[in-house]
Amino acid sequence: MTTLGLIGLGRIGAFHAETLSNLAQVSGLVITDERPDVVAQVATKYGATPVDSVEKLLSSGIDGVVVAAATPAHAELTLAAVERGLPTFCEKPIASTAVESARLAELISRTEVPVQVGYQRRFDAAFAAAKQAVDGGSLGALHTVRSTTMDPAPPPMDYIKGSGGIFRDCAVHDFDAIRWVTGQNVVDVYATGSVQGDPLFTEYGDVDTAAIVVRFDGGALGLVSAARYNGRGYDCRLEVHGFEDTVVAGWDQGVPVLNTDPATDFPSGAPHHFFMDRFTEAFRTELGAFVELVKGGPNQGATVADAVEVAWIAEAATESLRRGAPVSIESVKEMQQ
């Protein structure tokens, strides 16, 4: 059996506490957060062991660590766990910037400690099937991949202020998914965006709606859409088009669209409300895979190297929005390193 430590009990951390407490492979859960009252509540609710500091958690005899604290703390906490020799699961992103991510990756590479990064779409059954179809060659040469992420409403503006922007906070999931599914690396991006909602997006240098054109080194083109306002629900879809066939993911009965074709009743289910209900099973599978990693198995999820490449794509998209022109990944690396 396996005992894990969980650092951070905010929205995603509390969700992970519930998931981990229900995994048969997890025999114990040690938790900490900057807010003692939250720690006490979560410990009582899920039968976890509360501690009042990260140091106490890391010294408690745990087998692995899940980092779900605020983004600015990810790099420091991940490195602290790795330096203790503890296999680590870090929620995306692994650091606040691409440069910091690359530096952290270099430090981790000097160790043999495994680190898995939280890109849960890799563990969604439909996304995994799309990946399998591409790898199996049934689509032929790929020419277009489309990825969509639209939230029903934006997170609190205090969160937006420190999020790093829509590309680093939201579209990174799309960037990881399209890299992983196609097996191709991104060469350059062109990003544009607008603000039609809360004017604080503009004040914080962000947008509430974005579109990104991606060019891959294998010749395919990518189209990523991200939005903070989608009143019908949480919309997350993937389309992969090849010369021989097309596959889609996210077109289930809960897809939040209104089909205007009078001859069909699809979709017939209640629209997905948020990413946590859309990807509940994917999160469970992802954390289950991390437990196997802790026990000595392979890393079935996103690696630190994957996370660094995604961070550079987000950096290039951010720069492209600023310039109003395409930006290559290599030029951003040269500019910032």
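The model is a predicted one, in which local features need pLDDT of at least 70, side-chain atom pairs count only at pLDDT 80 or more, and totals for chains, interfaces and linings use all residues. Residues are numbered from 1 along each chain as its sequence is written, and side-chain values use heavy atoms, with hydrogens and water left out.

**View 1. The parallel sheet and its strand S1.** Six strands make up an open sheet with parallel pairing, in the order S3-S2-S1-S4-S5-S6; helices (H or I, at least four residues) and strands (E, at least two) are DSSP runs numbered from the N terminus, and two strands pair if DSSP finds at least two bridges between them. Strand S3 (49-50) and S6 are at the edges with a single partner strand each, so one side of each has no neighbour in the sheet. Strand S1 (residues 2-7) is joined in the parallel sense to strand S4 (residues 64-67) over four bridges, and to S2, also in the parallel sense, over six bridges. On the S2 side, Thr 3 has Gly 28 as its bridge partner. Five of the six residues of S1 are buried, so this strand is largely enclosed by the rest of the structure; buried means under 20% relative accessible area, exposed over 50%, and partly exposed in between (1.4 Å probe, protein chains only).

View 2. Helix H12 (residues 280-294) lies across S1, strand S2 (26-32), S4, strand S5 (88-91) and S6, and runs at about 170° to S6; axes are lines fitted to C-alpha atoms, for helices over the stretch in contact, and angles run from 0 to 180 degrees between N-to-C directions. The UniProt record (unreviewed entry) places "domain: Gfo/Idh/MocA-like oxidoreductase N-terminal" at residues 4-119; UniProt positions are given in the numbering used here, feature names are shortened, and annotations may be inferred rather than shown by experiment. The span of residues 4-119 is 42% helix and 22% strand, and its end C-alpha atoms lie 19 Å apart.

View 3. Lys 92 is placed in the loop between S5 and H5, and with a relative accessibility of 13% it counts as buried. The side chain of Lys 92 reaches the backbone oxygen of Asp 169 at 2.5 Å. Contact means heavy atoms within 4.5 Å, and, leaving aside neighbours within four places in sequence, Lys 92 is in contact with His 74, Val 117, Gly 118, Tyr 119, Asp 169, Val 172 and His 173. The peptide bond between Lys 92 and Pro 93 is cis, with omega about -15°, and Pro 93 is found in the loop between S5 and H5.

View 4. The 12 residues of helix H5 (residues 98-109) should span 16 Å at 1.5 Å a residue, and the end C-alpha atoms are 16 Å apart, which agrees; the expected span is 1.5 Å times one less than the number of residues. The buried residues of H5 are Ala 98, Val 99, Ser 101, Ala 102, Leu 104, Ala 105 and Ile 108. These buried residues pack against helix H4 (74-83), strand S6 (115-118), helix H13 (304-323) and helix H14 (329-336). In H14 lies Lys 333, which is buried with a relative accessible area of 15%. Not counting residues up to four places away in sequence, Lys 333 touches Glu 309 and Trp 312.

View 5. Seven strands form an open sheet with mixed pairing, in the order S12-S11-S7-S10-S9-S8-S13. S12 and strand S13 (327-328) are the edge strands, each pairing on one side only. Strand S9 (residues 209-216) and strand S10 (residues 221-227) run antiparallel and are joined by seven bridges, with Val 224 of S10 as the bridge partner of Ile 212. Helix H9 (residues 172-182) packs on this sheet, touching strand S7 (142-150), strand S8 (186-194), S9, S10 and strand S11 (235-242), and its direction makes about 150° with that of S7. H13 also packs on the sheet, where it touches S8 and S13 and its direction makes about 50° with that of S8.

Note on methods: Polar contact = N/O pair within 3.5 Å; in protein donor to acceptor, adjacent residues only side chain to side chain.
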